Amino acid sequence: MCLIMTMIAAAVTGGIWLALAKRGRATKSLFTTFLAFLSAALMWCVDGIASVLSGEGFFDLSAEDAILGAIILAAGLVLFAALSFAEKRRVTKAV
């Protein structure tokens, strides 16, 4: 479940970043958050492949895995908030 959640989060943040990049308003904090979700999804894919090789299923749809996915999404949102705050602070110090 955490693989599904992080893939959706990576797709959403990547789509938002691309839409903002076309308008010239993309931020480094959003791109960094996209990369974090993308790397987490890649990590879960490797974990799924290792599970298949050991005879288990690729997806784990248990409640514990859903809780882990929610924690990963919350951590990504905290990362985005911290990076956005730091980015705005740098901009206001420069002005």
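The model is a predicted one, with local features needing pLDDT of at least 70, side-chain atom pairs counting only at pLDDT 80 or more, and totals for chains, interfaces and linings using all residues. Residues are numbered from 1 along each chain as its sequence is written, and side-chain values use heavy atoms, with hydrogens and water left out.

Helices here are DSSP runs (H or I, at least four residues), numbered from the N terminus. Two packed helices are described by the angle between their axes and the distance between those axes. Axes are lines fitted to C-alpha atoms over the stretch in contact, and angles run from 0 to 180 degrees between N-to-C directions.

Take helix 1 and helix 2 to begin with: they pack at about 150°, with axes 8 Å apart. That makes helix 1 roughly antiparallel to helix 2 (angles over 145 degrees count as roughly antiparallel, those under 35 as roughly parallel). Helix 1 passes helix 2 in a left-handed crossing, meaning that the near helix is turned anticlockwise from the far one by less than a right angle, while clockwise is right-handed. Contact (heavy atoms within 4.5 Å) brings residues of helix 1, including Trp17 and Leu20, up against residues of helix 2, among them Leu30 and Phe31. This contact has 17 nonpolar, three polar and no charged residues; Ala, Val, Leu, Ile, Met, Phe, Trp, Tyr, Cys and Pro count as nonpolar, Asp, Glu, Lys and Arg as charged, and the others, Gly among them, as polar.

Helix 1 also packs on helix 3, at an angle of about 25° with the axes 8 Å apart. That makes helix 1 roughly parallel to helix 3, and their crossing is right-handed. Cys2, Met5, Thr6 and Ala9 are what helix 1 brings to this contact, where the classes come to eight nonpolar, two polar and one charged residues.

As for helix 2 and helix 3, their axes come within 8 Å and cross at roughly 155°. That makes helix 2 roughly antiparallel to helix 3, and the crossing is right-handed. Residues of helix 2 including Lys28, Phe37 and Trp44 meet residues of helix 3 such as Phe80 and Glu87. The tally for this contact is 11 nonpolar, five polar and two charged residues.

On to the largest pocket, with a volume of about 180 Å³. A pocket is an open set of points on a 1 Å grid over the protein atoms alone, where a 1.4 Å probe fits and protein lies on both sides within 12 Å along at least five of seven lines; lining residues have an atom within 4 Å of a point. The volume is the space filled by probe spheres set on the points, which are joined across faces, edges and corners. Of the 14 lining residues, Asp47, Phe58, Phe59, Asp60 and Asp65 are the closest to the centre of the largest pocket. Helix 1 (2-23), helix 2 (28-53) and helix 3 (63-94) each supply at least two lining residues, with the largest share, four residues, coming from helix 2. The lining has seven nonpolar, three polar and four charged residues.

Note on methods: Angles under 35 degrees count as roughly parallel, over 145 as roughly antiparallel, 65 to 115 as roughly perpendicular and the rest as oblique.
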